[in-house]
Amino acid sequence: MNWYVHKVIGEVKQSDIDLALDGHCDHVKVGTKANLVGEQDSFGPVSRYLYCVECYNKAKEEEEEEPVFCVDCGKEVPK
């Protein structure tokens, strides 16, 4: 079973950037604020990506606008 993790980082350290297995946006630098998003399973991290605050908010807005498939009616509907 996998689950998603979200972590707000107040001040990015080099070790945070190194832990981002899948990379980071170009705006993330040591000393800035960032959001760590990833997938975890019982053995540990599966994926990790580090977003700056602006890119995280933009990605979250885009995700919320994506339609989802409704199993009951068989159509794509807004979230």
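Start with the open sheet of three strands, which has the order S1-S2-S3 and antiparallel pairing. Strands (E, at least two residues) and helices (H or I, at least four residues) are DSSP runs, numbered from the N terminus, and two strands pair if DSSP finds at least two bridges between them. Select 3-9 for S1 and 44-52 for S3: these strands stand at the edges with a single partner each, so one side of each has no neighbour in the sheet. On average, neighbouring strands here are turned by 20° against each other, direction ignored.

The model is predicted: local features need pLDDT of at least 70, side-chain atom pairs count only at pLDDT 80 or more, and totals for chains, interfaces and linings use all residues. Residues are numbered from 1 along each chain as its sequence is written, and side-chain values use heavy atoms, without hydrogens and water.

Next, select residues 34-41, strand S2, which pairs with S3 in the antiparallel sense over eight bridges. Within this pairing, Val37 stands opposite Tyr49 in S3.

Now select 53-65. Helix H2 lies across S1, S2 and S3 and runs at about 110° to S3 (axes are lines fitted to C-alpha atoms, for helices over the stretch in contact, with angles from 0 to 180 degrees between N-to-C directions; contact means heavy atoms within 4.5 Å).

Last, select the lining of the largest pocket: Tyr4, His6, Val37, Tyr49, Tyr51, Tyr56, Ala59, Lys60, Glu63, Glu64 and Lys79. On a 1 Å grid over the protein atoms alone, a pocket is an open set of points where a 1.4 Å probe fits, with protein on both sides within 12 Å along at least five of seven lines; lining residues have an atom within 4 Å of a point. Which element gives the most to this lining? H2 does, with five residues.
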